[in-house]
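Trainee: Hi! Could you walk me through this one?
Mentor: Happy to, let's open it up.

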Amino acid sequence: MSDIAIKASEPLTLRAQLTEDWLAVVIGLLVFGSALASIGGVDLLGWAVTTSVYTDLTQALNPFAKSYAWLGGGGALIATYVALLVVLSAGVATLGADVRKFALAFTAVFAIAYASWIVGSYAYVAAVTPAEQQKFGLSWSLKLTNEGGFIVALLAGIVIANFFPRFAEWLKEAIRPELYIKVAIVILGATVAVTAAARLNLASSLLLRGAAAIVEAYLIYWAVIYYVARKWFGFSREWSVPLASGISICGVAAAIATGGAIRARPAVPILVSSLVVVFAVVEVLILPFLAQTFLWQEPLVAGAWIGLAIKTDGAAVAGGGITESLIMAKAAAEGIKYQPGWILATTATVKIFIDIFIGIWAFILGYIWTNHIDKGPDRAKPVEIWQRFPKFILGFIVVFAVSLWLAIGSTPEIAKALPAAAGEANVFRVIFFVLTFFSIGVLSDFRKLWQQGFGKLAAVYFVSLFGFVIWVGLLISWLFFSGFKPPLVS
Amino acid sequence: MSQFDLKNEISSKEVEPLLPVEKKLIGFSLGLGIFLLVVLVAINHFVPIKL
């Protein structure tokens, strides 16, 4: 589940995190509900900015809906910024944040993140097929697709974190990758439902295979990494539990939830979390390209693998998006045109299945620790399962269920209009993805790896990740998904 | 927290031996995990992904 580095000087309480979960649900549902209004003929979000692949910058930006063409690209960009600023400022106010600081920092975050997205859409970066290159008069291109903008945003964040630490510190009020990715995942429910409605058999098959991800993350990865940390590296139980959870399940929330469950000091899971993010960034920069090179003929294996190997929600789901773009681009170059959405849906399904059980796993560990290892008056209680449940997943489920019902259980007119509405919401999903990538980059202070003492933690992570997690994830993804391809564009 | 001495924190700790309950947890998790994976692989074989 949630990811993201938290600086050691910023303790994160469970209460704050849960509030952020609910905030993500509210914002995600607000975007989804507004987008659905277009089905009734009221276009509330058509002004949202979209970016096309371009060689002439003046042609890059446009409003999503033609009815808002009068705004122009610049107007759409400003409208999108203002809308996000207002909604997010109101949202973080409920979390007790300094709204003025947030507004200033968010302005810079949005500007840099969206500029990165625009850079990523430059034809020399994004054009994929020979036809596209010909259209723009190019003799070469990086073929990253326009989602290469995610990588540009990530790199921009990394540069700021590592070379401009004071600026990174100034930005921190708006560096909220967990909030951004949770909002994106709630919105993603609509796209996944529209994709699934087209091929219900395949979609239900994917859901069944999510169970394999749970078994792998909680029962196999966790046990092996805990053993490695305790036996090979001599870590204490207090360090080994959050470390095993962070590496095997999903980043910050798993580390914090299980660390809290065994009554570890708050500093321990937080330090582990910052390490998880650094490694997740390295993975996002490498694994999608490996998937494109070696797994492009097995797209669903690649999607599941990314979900199992990258250990933060933000990096994993966003990495799934990059992987989808890269694999679809490579397949398109070979004359195969897959329907979009399936690879990302596979990654998201795997990740969400893993997230759901964090509370239960934390309770199991808490029960064992407080009853058999550190016996004391503060025993683990079943209510902690609900307290630690990632609430934003409820938002995803609601959006998914409503969208699926509209797609297959309502009138043909509504079903026909739904993809456009989901597409409108998806514009914001992409923007929240970009904000997530940039924020993760800003939190990726690689100097931490050189901090005394971090080397040993990093060694456990390195050994576990590259010696075990990646390969077992690949094997299991292959066992369950090989031979099955996304539907082709008809 | 910012003054957290990670080096001493990690290196000064005496090695805690694995308790029987930890060994049980590791063994039970792995055993159950491998068993369930085999079951899921079998289900996957008999109920393949439908396109």
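Mentor: Here is a short chat about this structure.

Trainee: What should I know before I start?
Mentor: This is a predicted model, where local features need pLDDT of at least 70, side-chain atom pairs count only at pLDDT 80 or more, and totals for chains, interfaces and linings use all residues. Residues are numbered from 1 along each chain as its sequence is written, while chains are lettered from A and ligands numbered from 1 in the order in which they are written.

Trainee: OK, what does the model score for ipTM and pTM?
Mentor: Its ipTM is 0.89 and its pTM is 0.78.

Trainee: And what pLDDT does chain B average?
Mentor: Chain B averages 79, pLDDT being the predictor's confidence in each residue, from 0 to 100. In that chain, 71% of the residues score at least 70.

Trainee: How many helices and strands does chain B have?
Mentor: Two helices and zero strands. Helices (H or I, at least four residues) and strands (E, at least two) are DSSP runs, numbered from the N terminus. Of the 51 residues in chain B, 14% are buried; buried means 20 or more other C-beta atoms within 10 Å of a residue's own, exposed means 12 or fewer, and partly exposed is in between, with C-beta atoms placed from the backbone.

Trainee: Which residues have the most contacts inside the largest nonpolar core?
Mentor: A:Ile187 and A:Val434, in a core of 182 residues. Such a core is a set of buried Ala, Val, Leu, Ile, Met, Phe, Trp, Tyr and Cys residues joined through C-beta atoms within 7 Å.

Trainee: Which helix gives the most to this core?
Mentor: Helix H9 of chain A (residues 200-232), with 18 residues.

Trainee: Switching to A:Val109, is that buried or exposed?
Mentor: A:Val109 is buried, because 25 other C-beta atoms lie within 10 Å. A:Val109 sits in helix H3 of chain A, residues 99-120. Leaving out residues up to four places away in sequence, A:Val109 touches A:Leu171, A:Ala174, A:Ile175, A:Leu435 and A:Phe438; contact means C-beta atoms, placed from the backbone, within 7 Å.

Trainee: Where does helix H19 of chain A bend?
Mentor: At A:Leu465, by about 45 degrees, in a helix covering residues 454-481. The bend is the angle between axes fitted to the seven residues ending there and the seven starting there. Just after H19 of chain A, A:Gly483 has a positive phi of about 90 degrees.

Trainee: Which residue other than glycine has a positive phi?
Mentor: A:Arg263 is one, with phi near 65 degrees. Most residues other than glycine have a negative phi. A:Arg263 lies in the loop between helices H10 (237-261) and H11 (267-294) of chain A, and with 15 C-beta neighbours inside 10 Å, A:Arg263 counts as partly exposed.

Definitions and conventions
Contact = placed C-beta atoms within 7 Å.
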